[in-house]
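Subject: A structure for you to look through

Hi there,

Here is the structure I promised to pass on. Please open it beside this email and follow along as you read.

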Amino acid sequence: MVNQSSPMGFLLLGFSEHPALERTLFVVVFTSYLLTLVGNTLIILLSVLDPRLHSPIHFFLSNLSFLDLCFTTTCVPQMLVNLWGPKKTISFLGCSVQLFIFLSLGTTECILLTVMAFDRYVAVCQPLHYATIIHPRLCWQLASVAWVIGLVESVVQTPSTLRLPFCPHRQVDDFVCEVPALIRLSCGDTSYNEIQMAVASVFILVVPLSLILVSYGAITWAVLRINSAKGKAFGTCSSHLAVVTLFYSSVIAVYLQPKNPYAQERGKFFGLFYAVGTPSLNPLIYTLRNKEVTRAFRRLLGKEMVLTQS
């Protein structure tokens, strides 16, 4: 069967059967996108401009913020166009680019969150050796590994997904071009793609999440065993744990959902949340729970006020 989607692209259905809901979602998505742009840009600027934030965890946090900026910009503009008007089409090339970047950045975030959990493990469980173990060169290496793994995963999975024989109606039951939605659109045999997605889910979702849980299990054990002073260090981990919970719960709901209409409809909400919600909440979580970031923001405001008055 010839891939009939190439000349005309796809139709992204989203919640087109609920026009009133689309208008509400437009406002929510637009507001979340603005918060994402402002919040994550602010964290990157603070991490660069404030010398007190030149630490490994803030280096990884700035990577996460840059990733979230790219992640949302890949899909939100197209999503807003589809939510606002009747035109819900996306070209085959646009869908291909969106799928490639979405896969790459999503995988990178899974690995990066695992790296950040390792950083918190060393900070709490090996505080005297933290500077020796988590040195700047290792930070760059770990961040590079996360980005490279994301790129490799996308290079492997994107072509096989786009080569599927898609049904003539070309209606993607989702907001964005994602692997599960494109597999459901196929009118041919998808066994290979489903196995590929299952294997990728194990290595990119299950294994990293397991490592994160093991790290936080060790952190909790160390806090309970040693002394109450560790409780303050453990408090710095709560922001990361909240981000992990939000991101992984929504991604798992999308990629490991059962095959039934109710699960698919619910999966659209979860997909919308991890594509739009978590990137806008991440800066808020880290700013409110991280006193160093809050103080850096106040110092930056103080300098701006001084410059303005002078």
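Below is what was found in it, starting with the whole chain and then moving to single residues.

**The whole chain**

Please keep in mind that this is a predicted model. The protein chain has 11 helices and 3 strands. If you walk along from the N terminus, the elements run β-α-α-β-α-α-α-β-α-α-α-α-α-α. Of the 310 residues in the protein chain, 50% are buried. If you take the contacts with a separation of 6 or more, 78% of them are between residues 24 or more positions apart.

The unreviewed UniProt entry annotates residues 25–48, 60–84, 90–118, 198–224, 236–257 and 269–288 as "transmembrane region". Two of these spans are worth a look in the model. Residues 60–84 are 100% helix and 0% strand, with 35 Å between the end C-alpha atoms. Residues 198–224 are also 100% helix and 0% strand, and there the end C-alpha atoms lie 37 Å apart.

Start with helix H2, which covers residues 56–84. Its 29 residues should span 42 Å at 1.5 Å a residue, and the end C-alpha atoms are 41 Å apart, so the two values agree. H2 does bend, by about 30° at Thr73, and a proline, Pro77, follows within four residues. This helix is mostly covered, with 22 of its 29 residues buried.

Helix H7 takes in residues 191–225, 35 residues in total. From first C-alpha to last, H7 reaches 49 Å, close to the 51 Å expected. Where is the kink in H7 centred? It is centred on Val202, and the angle is about 30°.

**The nonpolar core**

The largest nonpolar core has 83 residues. Which residues have the most contacts inside this core? They are Met79, Leu113, Leu182, Tyr248 and Tyr255. Helix H3 (residues 92–125) gives the most to this core, with 16 residues.

Leaving out residues up to four places away in sequence, Tyr255 touches Leu103, Glu178, Val179, Pro180, Met197, Ser201, Leu205 and Tyr274.

Is Gln157 buried or exposed? Its relative accessible area is 2%, which is under the 20% cut-off, so Gln157 counts as buried.

**Ser65 and Ser280**

Ser65 is found in helix H2, while Ser280 is found in helix H10 (residues 261–289). They are 215 residues apart along the chain, yet 9.7 Å separates their C-alpha atoms.

Both count as buried: Ser65 has 2% relative accessibility, and Ser280 has 10%.

What does Ser65 contact, leaving aside neighbours within four places in sequence? The contacts are Asn40, Ile43 and Ile44. With Asn40, the side chain of Ser65 also makes a polar contact of 3.3 Å, side chain to side chain.

Ser280 touches Ser32, Leu35 and Thr36, again not counting residues up to four places away. Its side chain also reaches the backbone oxygen of Val276, at 3.4 Å.

Gly277 is found in helix H10 too. With a relative accessible area of 11%, Gly277 is buried. Gly277 and Leu246 are 31 residues apart in sequence, and their C-alpha atoms are 9.0 Å apart in space.

Most residues other than glycine have a negative phi. Arg170 is not a glycine, but it has a positive phi of about 55°. You will find Arg170 in the loop between helix H5 (136–162) and strand S3 (171–172). Is this arginine buried or exposed? Arg170 has 13% relative accessibility, so it counts as buried.

Best wishes

Methods: Residues numbered from 1 in each chain as written. Predicted model: local features only at pLDDT ≥ 70, side-chain atom pairs only at ≥ 80, totals over all residues. Heavy atoms only, no water. Helix = DSSP H or I, 4+ residues; strand = E, 2+ residues; numbered from the N terminus. Expected span 1.5 Å × (residues − 1). Bend = angle between axes of the 7 residues up to and from the residue. Core = buried A, V, L, I, M, F, W, Y, C linked by side-chain atoms within 4.5 Å. Buried < 20%, exposed > 50% of the residue type's maximum accessible area, 1.4 Å probe, protein only. Contact = heavy atoms within 4.5 Å. UniProt positions renumbered as here; feature names shortened; annotations may be inferred. Polar contact = N/O pair within 3.5 Å; in protein donor to acceptor, adjacent residues only side chain to side chain.
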